[in-house]
Amino acid sequence: MEHVSNWLLLAPAGAFVVSAMLLFVIDSFDPESKHDTLLAAVTTAGASVAMVISAALLLSGTADSGVELFGGQLVVDGMSLVFTFIFGSVTALVGLASADYIEDLPHKAEYYLLILLAATGMSLMASANSLAVVFVALELASLPSYALVAYLKTNRGSVEAALKYFLVGALSSSILAYGISLIYAATGSLLLPDVAAAAGEASELYTGVFGVGILMVLGGFAFKTASVPFHFWAPEAYEGAPAPVSAFLSSASKAAGFVVAFRVFVVAFPIDSVAGSVDWVLAFQVLAVVTMTLGNFAAATQENVKRMLAYSSIGHAGYVLIALAALTGLGDQGLVLGSGMLHLLVYGFMNTGAFLFVALAEYWNVGRTFRDYNGLGKEAPVACVAMTVFMFSLAGLPVGGGFLSKYFLIVGSVGAGVWWLGAVLAVNSALSLFYYSRVVKAMWIDEPDEPREIERYPTALYVAIVAAAVVTVALLPGILVFDSAAFDAAAALL
């Protein structure tokens, strides 16, 4: 029975795989299927099953102590379940919204299939307990993502964005692979606990090799999380990709990058053992400050809403980096790391919802600039109320869960003795209110340049946007349901 229960812990990832295989079957029997609703339903249902199972396992405490599978190559614990819940929820929202967004586009089955395969890779990244599995899972998540960005094959911007994304991704993958090889050379193992056991000796005997390996691994993860200076691909990819794909990449893919960074650096590279080679906590402190500052200042200069959200996502990557930058050994380290998980959880709903609103605007051919959004509140009040919730929650105002997640990050950084990180977060959040408010002002206050008439209100897109807004607001008090699970998961990892 124990063997069976251990396999059940992989059920969330299994839900993604089964749904993908079902799409294969449907497309084999009915190529270029006109049953758009069926394809979207399979994707949404599979992702929802993964989300529900992850939440049930997490809240039941089944894997609190961590369960190793396949000789320790995978581990299912509280943190992996938190992130698999994020992947499931984002994939479900994107799958639902895409039913309307791609209704007139070809290759629908391939589109949904790529989303599910990418989500499968992300769920494996959450449970990866070996550097080899980390790399393979990361590639499984990345390769479908490149194709998704290029889905609009007749759109030059989409293809160009995908090419840039692929080239930078290939470079970062090579850097990560070389870093992993250096770590293997210094420690003789790829399993994260074994690397940690040999880290002290490797730091003394192979200081340069081990230190460079850690820095190269850090660079590989910085690309996946769109952290400065590995962020250049993000604005281009998010702007060129279909808006639901932008939502998927900026929320789920970013969370996947962070979950492997959390596990690898906390488990494999304990700072007390590797400080002789490289102080990665200091490196993350620098990354956090530069990433959140550059992301927010760049977002403040944009006139294109989609591009603004892309730079905003870079700023939020800087906020989450505090979860690693504040692991100084002081204060409540579980609170520090857990606050990063909570912010990614809330971010998964509010940022996905914001990009889906952009998808709705693209569906209506409204345009992408702030000025194009003028007066939209009169034509689509429900969707604009939802977008207002997303904008203010992203800014950290107490209308959604973003307020509490940022609060936990600030409290954690102060307790860890790096109060200045919390101060930088607060200043950047104040700056972000400027450009988020521009969207709200355009929708509700400014008048459109010319009369606009909206002929159709797509049901699936509307449902996805409203659902994301409801959860964002509900997480303001509801985050207390997940906070203990996140903090306990972080404490177990530490």
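User: How do α6 and α7 run relative to each other, roughly parallel or antiparallel?
Analyst: Keep in mind that this is a predicted model. In it, α6 and helix α7 (residues 156–187) pack at an angle of about 175°. Angles over 145 degrees count as roughly antiparallel, so α6 and α7 are roughly antiparallel to each other.

User: And what is the distance between their axes?
Analyst: The axes of α6 and α7 are 9 Å apart. If you wonder about the two numbers, packed helices are described by the angle between their axes and the distance between the axes.

User: Which residues meet there?
Analyst: From α6, the residues include Leu131, Phe135, Leu138 and Tyr146. On the α7 side, Tyr165, Phe166, Gly169 and Ile180 are among them. Sorted by type, the contact of α6 with α7 has 14 nonpolar, 4 polar and 1 charged residues.

User: Nice. What about α6 with α11, what's the angle there?
Analyst: Helix α6 (residues 131–149) packs with helix α11 (residues 243–268) at an angle of about 170°, and their axes are 12 Å apart. That angle makes α6 roughly antiparallel to α11.

User: Which residues make that contact?
Analyst: Leu131, Val134, Ser145, Leu148 and Val149 come from α6, while Val245, Leu249, Val260 and Val264 come from α11. They divide into 8 nonpolar, 1 polar and no charged residues.

User: How far is Ala243 from Tyr101 in sequence and in space?
Analyst: In sequence they are 142 residues apart, but their C-alpha atoms are 8.6 Å apart in space.

User: And is Ala243 buried or exposed?
Analyst: Ala243 has 0% relative accessibility, so it counts as buried.

User: Changing topic: how many aromatic pairs are there?
Analyst: The count comes to 25 aromatic pairs. Take Phe223 and Trp233: their ring centres are 5.2 Å apart and the planes are at 50°, so the pair is tilted. Phe223 is in helix α9 (residues 207–224) and Trp233 is in helix α10 (residues 233–240), so to speak, and the pair links distant parts of the chain, 10 residues apart.

User: Are those two buried or exposed?
Analyst: Phe223 counts as buried at 2% relative accessibility. Trp233 counts as buried too, at 3%.

User: Which residues form a cluster through ring pairs?
Analyst: Ring pairs link Tyr146, Tyr165, Phe166, Phe223, Trp233, Tyr238 and Phe355 into a cluster. Tyr146 of α6 and Tyr165 and Phe166 of α7 also take part in the helix contact we began with.

User: Where is Asn365, and what is its phi?
Analyst: Asn365 is in the loop between α15 (333–363) and α16 (376–379). Its phi is positive, near 55°. Asn365 is exposed, with a relative accessible area of 68%.

User: What comes after α3?
Analyst: Gly61 follows α3, and its phi is positive, near 75°.

User: How far apart are the end C-alpha atoms of α3?
Analyst: They are 36 Å apart. At 1.5 Å a residue, the 25 residues of α3 (residues 36–60) should span 36 Å, so the two values agree.

Terms used:
Residues are numbered from 1 along each chain as its sequence is written. This is a predicted model: local features need pLDDT of at least 70, side-chain atom pairs count only at pLDDT 80 or more; totals for chains, interfaces and linings use all residues. Side-chain values use heavy atoms; hydrogens and water are left out. Helices (H or I, at least four residues) and strands (E, at least two) are DSSP runs, numbered from the N terminus. The expected span of a helix is 1.5 Å times one less than its number of residues. Axes are lines fitted to C-alpha atoms, for helices over the stretch in contact, and angles run from 0 to 180 degrees between N-to-C directions. Angles under 35 degrees count as roughly parallel, over 145 as roughly antiparallel, 65 to 115 as roughly perpendicular and the rest as oblique. Contact means heavy atoms within 4.5 Å. Ala, Val, Leu, Ile, Met, Phe, Trp, Tyr, Cys and Pro count as nonpolar, Asp, Glu, Lys and Arg as charged, and the others, Gly among them, as polar. Rings of Phe, Tyr and Trp (its six-membered ring) pair if their centres lie within 6.5 Å; planes under 30 degrees apart count as stacked, over 60 as edge-to-face and the rest as tilted. Buried means under 20% relative accessible area, exposed over 50%, partly exposed in between (1.4 Å probe, protein chains only).
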